[in-house]
Amino acid sequence: MQYETNIQQDNIMKDQIWVVGGYGQVGQMVCTQLARAFPGNVWAAGTRLERAEQFSRQTGGAVKPMQLDIMKKVDPAMLRHVKLVIMCVDQNDTRFVESCAKAGTDYIDISAKVGFLKQMEGLHSVMKAHGSTAILSVGLSPGITNLLVREASTQLDQVQEADITVMLGLGEKHGKAAIEWTVDQMNANYEVMQRGQLVKVQSLSGGKSIEFGEGLGRHIAYRFPFSDQQAVARTLRIPNVSTRLCLDSRWITRALSISRRAGLLKLLRFAWLRNLAVKAFAWIPGGKPMFAVKVDVAGWKNGERVGMEQLLVGEKEAVLTAEVAAAVAKRVYTKSQQPGVYHVEQCFSIHDIQEELEYPLNVVTKII
């Protein structure tokens, strides 16, 4: 789908798209998709210029290279021609985002780090004052999961509970940053919404049997600190929300839970053991390059208790994350959004994203 845009600010054309981490696993796919839609306007940015240049050559120059270190202060004047930044790397503070805001540049983030997303929410008034929009929770979980919960909530008069479950296939080779994040969360304590109150829980606890349908069957999934559960509890005002994780290998999922109960995962605080775990996850044999998402929502409609199940099964979670990021980017780039900081479900529906995807998601829905 080809787009046309004519976006100006103070007589300066703002038409560039910067993809930070654009030469990484997800970033490359985002760049490639957007370069087809907006030729000549997409830049792969990062600290390693040689990597950006190599990727640019692979695209035949369709994606342009640039060197950018977001850990250093970035003058908002550098962003005067930039309409949109898509962030594909993790950050520890919001300095760069504040520069985007002051430059009137829109911003999309695929991060799943709860602490950083809370910092981002604190920039709502800053983004609003400068007429900039930031969209958070863009990917699979958070992202598609948020949108599925929103879709279910529109079908019910009142939502009482939302259970989100993510299955990841061991056959997919994730980027190092994604593996590191997963390992770092295995022994985490975090908060979830229960009966309208924040309650502390622990990763890989609270096992629950989840039916993933024909072909995948039942798996025991355990609590995991994906940020979608905190986001939709607030944005959709749901009093009970939880997200769980399982792997396509039942025995490895079970082994992780047993290790947590035995206290073995506490040893991951030692750097050498943590690094060993990261390498092990990158080379675990077997499994498939797949993912599955199950969203179970319960509430009331017309005074009756109603349950709604939504199931999405697909291949290559990283590819879907890139496709969702590109879909949101196309919407933000071509259509004015309300200034401020928002999670994806506050601005878009699952149908909005479907319209931008080359191959629509096959979501199977049941009312029970």
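Which residues line the second largest cavity? Ile70, Met71, Gln91, Asn92 and Asp93 do.

**Basis of the model**

The model is predicted: local features need pLDDT of at least 70, side-chain atom pairs count only at pLDDT 80 or more, and totals for chains, interfaces and linings use all residues. Residues are numbered from 1 along each chain as its sequence is written, and side-chain values use heavy atoms, with hydrogens and water left out.

**Cavities**

Rolling a probe the size of a water molecule over the atoms shows where empty space is left. A cavity is a set of points, on a 1 Å grid over the protein atoms alone, where a 1.4 Å probe fits but cannot get out; lining residues have an atom within 4 Å of a point. Grid points are joined across faces, edges and corners, and a volume is the space filled by probe spheres set on the points. The structure holds two cavities of 30 Å³ or more.

The largest cavity has a volume of about 50 Å³. Its lining consists of Val114, Leu117, Lys118, Glu121, Ser227, Gln230, Ala231, Arg234 and His343. Helices here are DSSP runs (H or I, at least four residues), numbered from the N terminus. By class, the lining of the largest cavity has three nonpolar, three polar and three charged residues. In this classification Ala, Val, Leu, Ile, Met, Phe, Trp, Tyr, Cys and Pro are nonpolar, Asp, Glu, Lys and Arg are charged, and the others, Gly among them, are polar.

The second largest cavity has a volume of about 30 Å³. Two nonpolar, two polar and one charged residues make up its lining.

**Packing of α6 and α8**

Helix α6 (residues 140-155) packs with α8 at an angle of about 35°, the axes being 9 Å apart. Axes are lines fitted to C-alpha atoms, for helices over the stretch in contact, and angles run from 0 to 180 degrees between N-to-C directions. The crossing of α6 past α8 is right-handed (the near helix is turned clockwise from the far one by less than a right angle).

Ser141, Pro142, Thr145, Asn146 and Val149 of α6 meet Asp228, Ala231 and Val232 of α8, where contact means heavy atoms within 4.5 Å. Four nonpolar, three polar and one charged residues form this contact.

**Ser56**

Ser56 is found in helix α2 (residues 49-58). Ser56 counts as buried because its relative accessibility is 9%, and buried means under 20% relative accessible area (1.4 Å probe, protein chains only). Leaving aside residues up to four places away in sequence, Ser56 touches Gly61, Val63, Lys64 and Pro65.

Definitions and conventions. Helix = DSSP H or I, 4+ residues; strand = E, 2+ residues; numbered from the N terminus. Buried < 20%, exposed > 50% of the residue type's maximum accessible area, 1.4 Å probe, protein only. 1 Å grid on protein atoms, 1.4 Å probe; cavity = no way out; pocket = protein on both sides within 12 Å on 5 of 7 lines; lining within 4 Å.
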